[in-house]
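User: I'm new to reading structures, and I'd like to know what the words really mean. Could you walk me through this one?

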Amino acid sequence: MKPTSAAPSVAPAVEAEGVSRRYGDVAALAEASFRLEAGRFLTVLGPSGSGKSTLLRLIAGFEAPDAGRLRLYGRPVEAIPPHRRSVGMVFQRLALFPHMTAAENVAFPLRMRRWDARDIPARVARFLSLVRLDGLGARRPHELSGGQQQRVAIARALVFEPELLLLDEPLAALDAKLREEMQLEFRRIQRELGVTTINVTHDQREALVMSDRVIVMDQGRILQDADPETLWREPAHAFVAGFLGVGAFLDGVAAEGPALAIAGATLPGRAPAGRAAPAPGARARGSLRADRVRLAGAGATPAGCHAAAPALVEDAIFEGDRILYELRLPTMGGARLRAIDRDPGAHARHAPGAAVTAGWARDDMILFDAD
Amino acid sequence: MRGGWLHWTVAALAAAFLAAPSLVVLGASFTAGNIVAFPPEGFSLRWYGQVLSSTALRGAFLRSLEVAAVCTAVAIPAGTLAAVALARWRFRRATAIQLYLLLPFTVPLIGSGIGLMLLFGELRLLGAVWPVGLAACVINLPFMIWAVAASVNGLDPELERAAANCGAGPAQTFLLVTLPAVAPGVVAGALLMFILALNEFLVSLLLVDARTVTLPVHVYNSIRAVITPDLAAVSSIFVLAAAAAIWALDRLVGLDIFLKAK
């Protein structure tokens, strides 16, 4: 077995200190610093161009950092060429070798790492079984379904017991149902083998479902590094609040309280966890998750709310298990808000054009500096 | 679909025009008479019998096979390495090298032929068969490069990174991953080079002497004397051989590989 988090004596699996990578004038990665303990599942979440894939390529060794220090298990990466790193990678387009069978693909890393040829067949069979491909070893990649190809790529990346597993958005091309299945599959295999994993994705759900820890990146910078629940409840940055979940921002001026002043109204809110609220008088944005906004009829205040505003229903979108309301606040300069009704069967629906009241509790509005 | 009939008429005329020479030769080869004529006089296979029993024709045919074999054997490593390098690695003056390698297409064959004749004469290589194969390789190499480049361009660049990630060094990656993945292009290019060398006429004409005539040159020499139907039979065999090679190419790798080159 590989070292897990139960073995605290080993060096961190990955240690980045001020790692940067530029392409011409563009900083793809700007002074990234983090540590990843062995045995953990880390997801790097961000939109395309955020630098998350660059980070993965630096760790895999396909590119070298321009500045900063990057260590894998205590060893500086400069000392190890890519084919000598104990790093398995599942590529975005899988990159299975088309002229080899599934079993030959899985055997390839073992052959290249000069394992005893007598041990290889049994080990390949064990890993094909681990990814539930028993009996399909003789097929070529093009004879396998998308999900099966995915599993071959996973087995190939894990078969040589790498110290680190890298996932470069391998689930992005799959349809929704298969993607959810594979997310759980990755999680199961990762727990079974205890291999340290870095997963890169732009899919917030995937990040929350699969990871012990999530790093959110934007424009080459690390914005937040936290466990999924903290990330969800306590976004440290307006970008993080906007990227995760469905919600909206109210733009105004910070007031004492803390609160947000918009068009004469003062709406109570709170500071991000561990940070100061925007200074009174500065421009600020209040983040409100759609699932925290409650609706009541016009003139009424929804129960348990510290703030309320008249709203017009612009659209009511039926999403099966919930209804998403797109709202406009006429007394707040036409600002937009969203609300989610998780129990659409339980009460009457608000029709588009209806006048309602939108309310929320003080702690549900987090106040950020407007950049 | 207004004007559909017009398209089809033009297409049918073009196809008929392309096929006509081969069909005329094929028909003439079955004649029972003593001169080349179309439509043939009667039907017989006597001229095919004549072809098979002629030692001069058989010798010329074997020499043409040797030329084609030498050409293909040289073209496979040279064309494959050139195509992989040009398509894969961005290096200085890559475009200039690419143009240089395509140069044989822009030089009239008679020009390259005379150049090769002078060069081989200086090197005392005239009179042997294998230099003709080398010459055929030089003038047709762009076809080989195109065929392989089509395969390389269709290759996912991540494959080579995946190989490195699996622990393969640069040489292992090239031999075990890149090369097998471009094999369809190599096969296509090799078959094409073989056909082209088998059929190569103009440059061979300048490089061969009486002892080393290749089949196309032999046929040409013969028609300057008397045009007998055995030449039509030889030509028909040529056409069928080329058709068989194209068929094999399509079955092995598919002809659409030529449509994918850049």
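User: How many helices and how many strands are there in chain B?

Analyst: Chain B has twelve helices and zero strands. Helices here are DSSP runs of H or I with at least four residues, strands are runs of E with at least two, and both are numbered from the N terminus. Before we go on: this is a predicted model, in which local features need pLDDT of at least 70 and side-chain atom pairs count only at pLDDT 80 or more, while totals for chains, interfaces and linings use all residues. Residues are numbered from 1 along each chain as its sequence is written, and chains are lettered from A and ligands numbered from 1 in the order in which they are written.

User: What is the span of chain B along its principal axes?

Analyst: Its C-alpha trace spans about 70 × 65 × 30 Å.

User: What makes a residue count as buried, and what percentage of chain B does?

Analyst: A residue is buried if 20 or more other C-beta atoms lie within 10 Å of its own, exposed if 12 or fewer, and partly exposed in between, with C-beta atoms placed from the backbone. By that rule, 37% of the 262 residues of chain B are buried.

User: Then why is B:Trp5 called exposed?

Analyst: B:Trp5 has 9 other C-beta atoms within 10 Å, so it is exposed. This residue lies in helix α1 (residues 4-29) of chain B.

User: What can you tell me about A:Glu161?

Analyst: With 15 C-beta neighbours inside 10 Å, A:Glu161 counts as partly exposed. A:Glu161 has a positive phi of about 50 degrees, although it is not a glycine. The loop that holds A:Glu161 runs between α4 and β7 (164-168) of chain A.

User: How do you know that strand β20 of chain A is largely enclosed?

Analyst: Four of the five residues of β20 (residues 365-369) are buried, so the strand is largely enclosed by the rest of the structure. Five bridges join strand β14 (residues 283-289) of chain A to β20(A), and the two run antiparallel. Two strands pair if DSSP finds at least two bridges between them, so these two count as a pair. A:Leu288 stands opposite A:Met365 in β20(A).

User: What makes β2 and β5 of chain A edge strands?

Analyst: They belong to an open sheet of four strands in the order β2-β1-β4-β5 (chain A), with antiparallel pairing. β2 (26-36) and β5 (75-76) each have a single partner strand, so one side of each is left without a neighbour in the sheet. Further in, five bridges join β1 (residues 14-23) to β4 (residues 67-72) of chain A. One bridge partner in β4(A) is A:Leu70, which goes with A:Ala16.

User: How many residues of chain A are in contact with chain B?

Analyst: 18 residues of chain A are in contact with 15 residues of chain B. Contact means that the C-beta atoms of two residues, placed from the backbone, lie within 7 Å. On the chain A side, β6 (87-90) and α2 (102-112) are the elements that give two or more residues.
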